[in-house]
Every structure is written in structure tokens, then in C-alpha cells.
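This report covers a structure shown below.

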2 protein chains.
Amino acid sequence: MATPARRAYGGVPAAQRRAQRRAALLAAGLDLLGTEGQRRLTVGALCARAGLNERYFYESFATCEDVLVAVYDEVIAELMAAIVAAVAGAPDDTRAKARAAIAAAVELLTDDARKSRVVFVEALATPVLSARRADVARAFTALLVGQAQEFFGAETALRVGAWGEFAAVYLLGGLAESMTAWLRNDLPVDRDELIERSTDLFVLVGEYVVRRG
Amino acid sequence: MATPARRAYGGVPAAQRRAQRRAALLAAGLDLLGTEGQRRLTVGALCARAGLNERYFYESFATCEDVLVAVYDEVIAELMAAIVAAVAGAPDDTRAKARAAIAAAVELLTDDARKSRVVFVEALATPVLSARRADVARAFTALLVGQAQEFFGAETALRVGAWGEFAAVYLLGGLAESMTAWLRNDLPVDRDELIERSTDLFVLVGEYVVRRG
DNA sequence: TGGATCTGGCAAGACCGCCTGCCAGAATCG
DNA sequence: CGATTCTGGCAGGCGGTCTTGCCAGATCCA
């Protein structure tokens, strides 16, 4: 902007108006990305859905890719926070912790199909996001392995090593695929069964890895 | 074409030339889709990579989406054929059959990273392909459930039902995620271990479903 | 050899998205 | 009130893609 915002307008200070516009763009970004997909995430569509003039796009972002990244990071942060909170609030028991984490993820991502599309579909296809998704996958794998170590003890953890990481990747991939299949109505179970049976598989595989590692 | 091909040229009959051009476009399509992604799959790029004039695109396809679908179908057909052949040639034993199928899929998709990208990435993001991918996922799930029924018997299969389908989706999702993680060098195992450990998990989950179904 | 067909190259017109710049009206501050 | 700033709308140059049409040279068939 040639003339940076300084003055209050409509009783709202300049900094807050900027923040509101940025938030409106992000909300529009989640909407577009989660329904139409990355191909339709254009400056024009974004501003039209946000009810803003195109000029204001460049006030908050330089390119559409920046919006892509910001939307993705927002959803991932929300997901991480929900999982961490759920695990912290669950009873001190392997299965209860696992169930709480799975339930938090499933509920967040199936309550809002846009978020699930962002995480499971759009994150893969765009170059900028795929690198980020790899980081996220590593983080979730580490989180899962770390949780398992807390319950099975550090000595067993040492034995587990690559096997544990491999199993964690499998479980996360299976959870992702089962969520997308469920959202397509391709899994003849209700959401509670989805959570319960996923927990069963997490526990089964976790115990198997410890036993055999 | 205003004047349909009739005459031989360069010693090659018209129908064969058409088929060669179509095949060249499909090869270019796999190349572009598997490296650059759907965004770069344009008429111009396709014909440039195929060494053809843009006019010839419309001889074999009406839109770029048609190329997308043809490339995807080709890869899936190849994958299905490799799996079916591997299963048919394997010893009559649960684990051997499972291992053969997994090895065939892993080898085909990791030998050619373009195919893995088409199947695991591009198939999700494009509307035309995502519907197709859902069909493919159902087919693979049915194939896996069917194979399991052959070994555990029809009576147990009846008990298994939705549980078996759910577990099959999980295993296929896990296999997909582990392959993409392996291709990113995020799994500290070699390809034989990837196959062997995947087989372990398939057998583990399969037996669990039958036991508990 | 002459006419028909095949081939690659090219360009034009249309559409779409990007990004900048200009404008008039509304709201604010001194 | 007057000057400044904020706001939405819009137009235009730029680049990319699509699709059709034309052309000249190469090749084939009669």
C-alpha cells in the first residue's frame, strides 16, 4: 500500500480492520480450497467470497500460494491442538489415550468436510503444501511413537526402532483412508464405530510391535 | 479432422499412425502428470513432449481431462494385472499370496515414481479422477476381502462383514502411506523390508479380524 | 508427373487470471 | 468546513491457454 492504514473507520482502528480483512480472506480460502480445490483458489474468487475488493488481497498476501499455506497451517494447528488437548484430558491408560486422540481427529475432520479435503487431498497435490505435509506426517509419526514409548517404557522403545515408525505410518495412513472412505459413505459403520475400530487397530498393532520388536 | 486419414505414410498405414500418435500423447501425459502434475498437463505441453503438432491433439482427445482419465486408467489396469498375475503365480498359502500381491504393487509403483504420483496424488485432486479413484478403492477392497474369504472360509467370512471391509481399507491406506513415505526417504528400511513388514501387518490384521469378527 | 493427402509450423481471436492504476463517494480528523 | 484517508468498482496491459484456420513442404497414389 502506498498509504499505510492509520485512521479509524467505522469506529474500528486500522490494525483491526486489516486483521479482519485477512481473516475474511483466510475463511474464503478454506471455503474455496475445501470445496472447489486449489485450481479455483484465485485472487478474484477469494476476494469475491470474502466480500473484499481485489486491491485488498495484496495488503495481506503476495500470492495465492501464501493463502494456501496459511489455510493449511491453520487447519493443522487446529488439529494438533485438538489432539493434544484430548490426550491430556484422557485417563492414564493406553487405549483411552489412543481413543481420545483418534476421536478428536475424526470429529474435527468429519464435522467439516472442507478441512478434511484440505488435509487429505489438496495438501498432496500442490508443491508448496506437499513439502509441508511431509513435515506434518513426520510430526504425527513422532507423536504416535512418543506416546507409545510413554506406555511401553523406554527399554522396549529401544528395541522397537524402525518397526515402530513403520507401524505408525501404516496406522496414520489407514486412519486417513478410512476417514475419506467414511465421508464417501463407502464404510458401512457409524462415526463411533469408526473411532472404536480404529482404536482397536491402533492397540493391536502397537502391542504387536512391542511384542515382536 | 476435415479429411480423415486414409493413405499410408512413411510405410505406415493411417490407422497405425493414429494409434502411434495417441500412444505418444499418453506417454507424454504420464510423464507430465507424474512429474509436473495436473496443472501443467496442457495441450501445448502434451504435444511438445510427444513431438507432435497441436492439431493432432484433437485427433485423439477432446479435452485434457480425457488424457487425464486415459493415463489413470492405464496405470490402474497395469497395477491390477500385475497383482492378479502375482497372486495367481504364488504358492497356495495365505502369507505367500499376500506377499506376492504387495510385492507386485510396491515394485510397480516404486520402480516408476511417475505412476506412484498419478495413483497417490493426482488421482485425489482432480474431480474427474476422484470419482474413479473411489471405484478403484472399492475394487481393491473387494479384492482383498475376497482373497481373505478364500483362505478363511465362507462361514468365517459371514461373521466378518463390515469389520473385514474396514480393516481392508485400513491396510490399503497404510500401504499407500508407507509407499509414499518410503519414496520420500522417510522410512529407514529398504524395499524388501517394506514388502515384508507390510505383509506382516496384512497377516496380523487379517487373522485378528477372523478371530474377533 | 500431377493431384491428393499428410505433416509441422504458425498465428489469430477468444477467454481467463494477474496486478496496477485511476476514480468517485464516504468517513474521519484538525 | 477543508484536507486527508479509506473504500468499492472498474479498466487495461500482460501472459498463458484453447481452438481453429491457413500455409508450404514432403510423401503417396494413379
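What pattern does chain A follow, read along the sequence? Chain A reads α-α-α-α-α-α-α-α-α-α.

## Basis of the model

This is a predicted model, in which local features need pLDDT of at least 70, side-chain atom pairs count only at pLDDT 80 or more, and totals for chains, interfaces and linings use all residues. Residues are numbered from 1 along each chain as its sequence is written, while chains are lettered from A and ligands numbered from 1 in the order in which they are written.

## Chain A overall

Chain A has ten helices and zero strands; helices (H or I, at least four residues) and strands (E, at least two) are DSSP runs, numbered from the N terminus. Taken along the principal axes, its C-alpha atoms fill a box of roughly 65 × 35 × 30 Å.

Of the 213 residues in chain A, 38% are buried. A residue is buried if 20 or more other C-beta atoms lie within 10 Å of its own, exposed if 12 or fewer, and partly exposed in between, with C-beta atoms placed from the backbone. Among the contacts in chain A with a separation of 6 or more, 62% come from residues 24 or more positions apart. Two residues are in contact if their C-beta atoms, placed from the backbone, lie within 7 Å.

## Helix α5 of chain A

Helix α5(A), residues 94-111, has 18 residues and spans 26 Å from its first C-alpha to its last, close to the 26 Å expected at 1.5 Å a residue. The expected span is 1.5 Å times one less than the number of residues.

The buried residues of α5(A) include Ala98(A), Ile102(A), Val106(A) and Leu109(A), and also Lys97(A) and Arg99(A). The cover over the buried residues of α5(A) includes α4, α6, α7, α9 and α10 of chain A.

## Two helix pairs in chain B

Helices α4(B) and α6(B) pack at an angle of about 120°, with their axes 10 Å apart. Axes are lines fitted to C-alpha atoms, for helices over the stretch in contact, and angles run from 0 to 180 degrees between N-to-C directions. The two helices α4(B) and α6(B) are therefore oblique: angles under 35 degrees count as roughly parallel, over 145 as roughly antiparallel, 65 to 115 as roughly perpendicular and the rest as oblique. Val71(B), Tyr72(B) and Val75(B) of α4(B) make the contact with Lys115(B), Val118(B), Val119(B) and Ala123(B) of α6(B). These residues divide into six nonpolar, no polar and one charged, where Ala, Val, Leu, Ile, Met, Phe, Trp, Tyr, Cys and Pro count as nonpolar, Asp, Glu, Lys and Arg as charged, and the others, Gly among them, as polar.

Helices α5(B) and α10(B) pack at about 140°, with axes 9 Å apart, and are therefore also oblique to each other. Residues of α5(B) including Ala98(B), Ile102(B) and Val106(B) meet residues of α10(B) including Leu194(B), Ile195(B) and Phe202(B). By class, this contact has eight nonpolar, four polar and three charged residues.

## Contact between the chains

In the contact between the chains, 31 residues of chain B touch 31 residues of chain A. On the chain B side, α6, α7, α9 and α10 each give two or more residues, and α9(B) gives the largest share, 13 residues. That side has 20 nonpolar, four polar and seven charged residues.

## Ala113 of chain A

Is Ala113(A) buried or exposed? Ala113(A), in helix α6 of chain A, is exposed, with 12 other C-beta atoms within 10 Å. Not counting residues up to four places away in sequence, Ala113(A) touches Gly34(A) and Leu183(A).
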